Structures are given as structure tokens and as C-alpha cells.
Amino acid sequence: MASIVFEVRGKLAEVRLNRPAALNAIDAEMDAALARAWARIDSDPDIQLAVLTGAGDRAFCAGADISNPPAGEDGRSFGGGLTGIGGRLIPLQKPLIAAVHGHVLGLGFELAMCADILIAADDTQFRLPEARAGFIDHCGVVHRAIRQLPHHVALAMIMASEPLDAARALQFGLVNETAPMADLAAATERWSEKLLACAPLVSQGGKQAAMLGLEYGLRDALERRYPLIDAYAATEDCVEAASAWKEKRVPRWRGR
């Protein structure tokens, strides 16, 4: 059985963690498969949106598989890449929705926090088990948690392995929406439609500027130039935006 399932439907690519018997824990094989998936998504101009999900009823992802942990040399789920754990950060350029449920632990929590839009089933439990289990390594998840959650909430998770349920995650702004598990797919579809209705190159340019700008103070962020925004003026979609506005019609985005 493949460790992930990769499916393209029109402009959307779904990446599904597919080790339900192991609670979708990430091993070396899954790590490498995720690397290939993210690379394909970013390199294919016909893919405008990625959706990350987990197979099975019990967990989105229980973290790294301790029996066969990802080493990170080639992958982009651990040791660098999409999550930036213990290595260089290679962020996904395309918008990413994560739809999570059940246990979302450790590295799985970090994968969830990498998403641009995060939807959680109402049974979701986010947790960092490191302190209770007594191990810690290149723990990039703590850097994301302290940036995406209130200070004391994040430290309670980091230092005491305090769980965070879906309702509180929504309260703290970590997730965009919660839904009953039976409605999770429908909620994901609604968010997908919202994103696909937008100019894809504008969404990508805005994402790049927002994320890179966080590395600077406001004055410097305002003064910087951002490559994807600068490149947009020469695209077909930029011309289409002007034509659609003039003709009072819905634009037809091509992502080019």
C-alpha cells in the first residue's frame, strides 16, 4: 500500500497520508513521497491548490514513526523543506488546505500548521508529546506553535504536553473552521471553491509577500519587492483581470 495517495482533480491536488494502521505516522518512505508530491504541485502550472488529508478514522497524523523515522536528507516533511525542521525551509508556493481529524501529534501538528487554511473535525486533538515522552530533537514544531498560538497556550503544549481540542484551536485562531467529522469533506470543498475562484497567481504572490514579510519589521517589509508580485504584471491572468473588469464578467483564470 502506498504511504500517500496523490490525486489530481482539475486544478486541485489532494495529498492523503495513507498509513492508517500506524495512525499515519511519517516514516522515511512517506517523507520521500511527500517530497515528490510537494515538488510536483509547485512545478505543475495546472495545479492551483493542494489539499492535505489523512486516511482512517483515528488520526490525521501521529507524528514521526519512531521505528523508522524520516532522516530528512531527501524528504520535505522532516529535516527541512515544507516544515523546516532541522534544515532549510522550502515553503510550498501554492495554497495549501489541511483538513485534520482525530490525533494530530508532533510532526503531524507541524504539518497541519504549515497549511494556509486549516480545517479541523470536532474530534481533533492537537498535542506535542515530546515532554511527556522524554525526547526532543530538531523540534521545528515549537517554533511554529509559539508563532501561531498565544504565548502561554503554546508553552503549555511545549512544556507540559497539554492537549488542544478543536474548539479551543478555533478560539485561538489556529484553525479557520471546525466541523463534525461527517461534514469535514464538505467544509474542505467549500474552502477549495473559495480559493479556486481567486486569481491563482495573485494568491501565490500574496502568500509569498505575507510570509517573507514576516521576517522583517513593518518598514522593511513595506519597502521590499516580492518576485511573484513583480512578475504578475506580465502574465495572461493580469490581462484577463483587466478585460473581465472592463467587460463586467467573471474572469477565467489560467494560472499563466
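What follows is a chat about the fold, the packing and the cysteines of a predicted model.

Q: To start, how many helices and strands does the chain have?
A: Keeping in mind that this is a predicted model, the chain has 11 helices and 10 strands.

Q: And what does the radius of gyration of the chain say about how compact it is?
A: The radius of gyration is 19 Å, close to the 18 Å that the globule rule gives for 256 residues, so the chain is as compact as a globular protein of that length. Taken along the principal axes, the box that the C-alpha atoms fill is roughly 60 × 45 × 35 Å.

Q: What share of the residues count as buried?
A: Of the 256 residues, 46% count as buried. As for contacts with a separation of 6 or more, 64% of them come from residues 24 or more positions apart.

Q: Let's turn to the sheets; what is the strand order in the sheet of 6 strands?
A: The order is S1-S2-S3-S5-S7-S10, in an open sheet with mixed pairing. Its edge strands are S1 (4-9) and S10 (177-179), each of which pairs on one side only, and the twist from one strand to the next averages 20°.

Q: How do S2 and S3 run, parallel or antiparallel?
A: S2 and S3 run parallel and are joined by 6 bridges, and Leu12 has Leu49 in S3 as its bridge partner. Further along the sheet, S5 (residues 96-100) and S7 (residues 117-121) also run parallel, joined by 4 bridges, with Ala99 standing opposite Ile119 in S7.

Q: Why is S3 called largely enclosed?
A: S3 is largely enclosed by the rest of the structure because 6 of its 6 residues are buried. In a regular strand, side chains alternate between the two faces of the sheet. Both faces of S3 are covered, with Leu49, Val51 and Thr53 buried on one side and Ala50, Leu52 and Gly54 buried on the other.

Q: Which strands does helix H7 lie across?
A: Helix H7 (residues 184-196) lies across S2, S3, S5, S7 and S10, and it runs at about 165° to S7.

Q: What about the sheet of 4 strands, what is its order?
A: That one is also an open sheet with mixed pairing, in the order S4-S6-S8-S9, and its edge strands are S4 (59-61) and S9 (164-165). S4 pairs with S6 (residues 103-105) in the parallel sense over 2 bridges, and Ala59 stands opposite His103 in S6.

Q: New topic: which residues touch the most other members in the largest nonpolar core?
A: In that core of 44 residues, they are Leu52, Phe60, Val100, Phe109, Phe126 and Leu174. Helix H1 (residues 28-43) supplies the largest share of this core, with 6 residues. Another core, of 12 residues, lies apart from it and includes Ile97, Ile117, Leu184 and Ala187.

Q: How many disulfides are there?
A: The count comes to 0 disulfides.

How values were computed
Residues numbered from 1 in each chain as written. Predicted model: local features only at pLDDT ≥ 70, side-chain atom pairs only at ≥ 80, totals over all residues. Heavy atoms only, no water. Pairing = 2+ DSSP bridges. Axes fitted to C-alpha atoms, helices over the stretch in contact; angles between N-to-C directions. Contact = heavy atoms within 4.5 Å. Core = buried A, V, L, I, M, F, W, Y, C linked by side-chain atoms within 4.5 Å. Buried < 20%, exposed > 50% of the residue type's maximum accessible area, 1.4 Å probe, protein only. Disulfide = S-S within 2.5 Å. Rg over C-alpha atoms; globule rule 2.2 N^0.38 Å.
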